[in-house]
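Here is a friendly briefing to read alongside the structure. Take a look at the model first, and then go through the points below topic by topic.

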There are 2 protein chains.
Amino acid sequence: KIQLLRESTDEPESHILCDLNEPLVDHTEGQLFLNDTFKIIMEEVLCKGTDIKHKVCEWKEPKELALLLDLELRATGEPQHRLLQRVQDVAKYSIKTSHPRFMNQQFGGVDYHALAGRFLTEALNTNLYTYEVAPVFVLMEAEVLRGLRQLVGWTEGDGLFCPGGSASNMYAMNIARYQHFPEVKSQGLCGLPRLNIFTSSDSHYSVKKGAAFLGIGTDNVIIVEVDEGGRMIPDDLDEKITLAKSQGAVPFFVSCTSGTTVRGAFDPLDLIADVCEKHKLWMHVDAAWGGSVLFSKQHSHLLKGVYRANSVSWNPHKMLVAGLQCSALLLQDTTDLLRKCHSANATYLFQQDKFYDLNLDVGDKSVQCSRKVDCLKLWLMWKAVGSIGFAERVDKAFNQYIPQPEFVNVCFWFIPPSMRGKEGMADYQDRLAKVAPVIKERMMKQGTMMVGYQPLGNKVNFFRMVVFSPLLTQKDMDFFLDEIERLGKDL
Amino acid sequence: KIQLLRESTDEPESHILCDLNEPLVDHTEGQLFLNDTFKIIMEEVLCKGTDIKHKVCEWKEPKELALLLDLELRATGEPQHRLLQRVQDVAKYSIKTSHPRFMNQQFGGVDYHALAGRFLTEALNTNLYTYEVAPVFVLMEAEVLRGLRQLVGWTEGDGLFCPGGSASNMYAMNIARYQHFPEVKSQGLCGLPRLNIFTSSDSHYSVKKGAAFLGIGTDNVIIVEVDEGGRMIPDDLDEKITLAKSQGAVPFFVSCTSGTTVRGAFDPLDLIADVCEKHKLWMHVDAAWGGSVLFSKQHSHLLKGVYRANSVSWNPHKMLVAGLQCSALLLQDTTDLLRKCHSANATYLFQQDKFYDLNLDVGDKSVQCSRKVDCLKLWLMWKAVGSIGFAERVDKAFNQYIPQPEFVNVCFWFIPPSMRGKEGMADYQDRLAKVAPVIKERMMKQGTMMVGYQPLGNKVNFFRMVVFSPLLTQKDMDFFLDEIERLGKDL
């Protein structure tokens, strides 16, 4: 006998518009469409899109592109052949981020095992909050996090995959705040003293974004100076913490960086750990970019001391080419801080009378409710190449371009012919600043390659190539230099 | 001439381990693997996984499953055939959320056009922060958001896809706070009066999670009473706002719900808008679950007054079966509040000397840096079925199960034979509370179907079926009732 909670309503009588005996989705037609889409993906994105004979980018002005794509959403649907054409168009006009000549950002390249894991993730379409709906992935995520923690140097701990490095950093900040002031969860910051966060001037902007979002405020992110290589200066950190305390603020969180976004610098973690211990502050390492170096015996010294941190953010979607998004937050904590800090105990998901171990319901560790599965792509790729394979990729990236680099960010100015030997000119820096934007525009419009540029401090616009894709060869490196020369020779 | 920012380093000389003239990824082998994985996905996940002759779930105890999957990550890689077996195993032991008999949560079912869009998104692997790397998706996201806003009743406005409804709700809260107190961004909450948020007792737990995360505190989420149908009582809201003010708090945000998680109730938005206007509060509508009703002429009255809100969260990954994750935050604001609130102006991404319109670089509207593309799956599906097709799906869901439902959450108790007619017994409620967990365990272990249960207020454990998948037919509905009867007949 079924007893409804609500026996009737006062709604007007419904009109049945469709046959309830038939599903609204045609599996045969749908699977045919998926099959055809897969062929287009193979051809356009994975074959042509990684072939140097084809462009990285089919540049169109926004207005022209909007017309070409016919984006408007209408009342009636379209036939399959028209939809396949749309799939083709989306592929055609999108940037080929797997192309060997895409070095614009830290997410270039492709790994087919990771991509297979991503397709499988999408098809399985489940939610990483309970063992009930994600039995495989609850266990798999724990294993992948264990593997990453082991590289950090922790035999125990906790963690979670988050929607990107900014989120991972914010989580760390929130957990640190909770550890210092557990009452913030219920009472908020009102009535508490001013909290201070410390990070270097070269750190990622997500530290400030996180401070704003968490109600701490960007002014309460105290900027620590860096040395000429872009590494945080521990003595300056120590002094600034002491100063903040003397001004009535409560320092609680230091965010170090292993692999800064622009220059790829590694903060001296061991020395910073000493300062954090002295002042009893939470030490976080934003290793979103540089974390993957831990796979390499040869280069892991760059993160020496990382095991002394309280938390680490690490994005395998960057150097390991796992695919967006794959960002792990790792914690040394074994006291269930993550769950305590974030839990809301929703009874509709985390029923206490379930028939299995409730610790397997990891959803309450997150501030998300629905949470995508981000572990499968990394797990499958790891199974495919092994830790040794990852080490090989890291080592290759380091050896790709210049002798003895600190990391794989290659930052440089292109000095056009007309400016060579004229460093003494009054407007030299102003003119140099205008070079990179022009070359960038030309390379985009011709579609031959993509590389980023930016100013930094008193350094005017310079190029930054991020050299790590496992698809790269020495030939691509040579091409890059020749192509910049070609694009800028008249400047 | 190339001038490096850092000419040399003090690192030890590198040892070249691999041939720099060869990529580390074998395209032919990789594409073959992807092709084989696609076949497994088609067979196991999409054919068998949606076929009622096969199980929804292949239940294993966690320890047994961990052994079967051999999750351990090792130093060396594995051959392709072993990896394909792993793909097969992951598919086999995962929950078939597309199966017609998965009604456990609001993300069941499959749409092949959306899935094609998701595969394409994964293959293109780009980042929705600049026009430079995501030209197609910057324009497409704007168009999809425009389409959704139009259904809300706004001809202008702003918005963003966020990693889930909880994030969308948090964003809304942060933007509302910024509008009331712009100085919070830089100075934080320290020194400000206590802020108050109002939401109903049946609202989603993300409101409290958000308040904790943003430093507002869960105690500052004031719970408004609901009527017998689970709808917020506007008079109680009005009284509680007045009371909060009299106690020195500053109310700033009301989070209404259109489609509550458990009962599927719709708060009376028009009446709540009156209260919000009276007190000058930000009105947010969490329509993560119920927003899709706006496609239906017949049922959109459930959200009457939604156009008066300041912000709306809406998850097409729920009722529209777009696939996880697809959550839109929609704003009525036309003053660029979203960007002002969240921007950090990172010079390495959002260079001011770019050669195209900088408004196309939408990344600074987000608190994420890397942001997945969530619009393509919805856009392609919308193109495939049209607004009329979505309306048809919504109408069908309403008509699937019971006459004149308020929404598609079907909440009920199963009264086992031994308890029928014994409502007067002293331990009746205690015994009834134990029925659903036992039936749930049995259905999981036999793998025949999946449906959730939970208590709510003084109501003991009851089942909640969410009936909306376009794959469902009347036969599945009949099966559900018969199966619950079968599983519980000895209780």
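pLDDT is the predictor's confidence in each residue, on a scale from 0 to 100. That matters here since this is a predicted model. In chain A, residues 8-17 stay under 50 in pLDDT, while the chain as a whole has a mean pLDDT of 94.

**Confidence**

- In chain A, 96% of the residues reach a pLDDT of 70 or more.
- For residues 8-17 of chain A, where pLDDT stays under 50, the model still has 20 contacts beyond four places in sequence.
- The scores for the model are ipTM 0.96 and pTM 0.96.

**How chains A and B meet**

- Chain A brings 207 residues to the contact, and chain B brings 207 residues as well.
- Between them, chain A and chain B bury about 18400 Å², and 64% of that area is on carbon and sulfur atoms.
- The interface of chain A and chain B also holds 8 salt bridges.
- Glu122(A) and Arg118(B) are joined through their side chains by a salt bridge, with an N to O distance of 2.8 Å.

**The annotated lysine, Lys318(A)**

- An unreviewed UniProt entry carries the annotation "modified residue: N6-(pyridoxal phosphate)lysine" for Lys318(A). Such annotations may be inferred rather than shown by experiment.
- You will find Lys318(A) in the loop of chain A that runs between strand S8 (311-314) and strand S9 (327-331).
- Is Lys318(A) buried or exposed? Lys318(A) counts as buried because its relative accessibility is 15%, and the cut-off for buried is under 20%.
- Beyond its neighbours within four places in sequence, Lys318(A) contacts Gln106(A), Ala288(A), Trp289(A) and Phe468(A) in chain A, together with Ser370(B) from chain B.

**Cysteines**

- How many disulfides are there over all chains? The count comes to 0.
- A disulfide needs two cysteine sulfur atoms within 2.5 Å. The closest cysteine sulfur to that of Cys276(A) belongs to Cys256(A) and lies 5.7 Å away, so the pair is too far apart for a bond.
- For Cys326(A), the closest cysteine sulfur is in Cys375(A) at 8.2 Å, which is also too far for a bond.
- Cys276(A) is buried, at 2% relative accessible area, and Cys326(A) is buried too, at 0% relative accessibility.

- Gly159(B) belongs to strand S3 of chain B, which covers residues 158-162.
- With a relative accessible area of 5%, Gly159(B) is buried.
- Gly159(B) and Leu145(B) are 14 residues apart along the chain, and 6.5 Å separates their C-alpha atoms.
- Leaving out residues up to four places away in sequence, Gly159(B) touches several leucines, namely Leu145(B), Leu329(B), Leu330(B), Leu331(B) and Leu338(B), along with Arg149(B) and Lys365(B).

- Why is helix H8 (residues 206-213) of chain A largely enclosed by the rest of the structure? The reason is that 7 of its 8 residues are buried.
- The buried residues of H8(A) include Lys209(A) and Phe213(A).
- In chain B, helix H8 (residues 206-213) is largely enclosed by the rest of the structure, because 7 of its 8 residues are buried.
- Ser206(B), Val207(B), Lys209(B), Gly210(B), Ala211(B), Ala212(B) and Phe213(B) make up the buried residues of H8(B).

Definitions and conventions
Residues are numbered from 1 along each chain as its sequence is written. Chains are lettered from A and ligands numbered from 1 in the order in which they are written. This is a predicted model: local features need pLDDT of at least 70, side-chain atom pairs count only at pLDDT 80 or more; totals for chains, interfaces and linings use all residues. Side-chain values use heavy atoms; hydrogens and water are left out. Helices (H or I, at least four residues) and strands (E, at least two) are DSSP runs, numbered from the N terminus. Buried means under 20% relative accessible area, exposed over 50%, partly exposed in between (1.4 Å probe, protein chains only). Contact means heavy atoms within 4.5 Å. Buried area is the accessible area (1.4 Å probe) that two parts lose on being put together, summed over both. A salt bridge is a side-chain nitrogen of Lys or Arg within 4 Å of a carboxyl oxygen of Asp or Glu.
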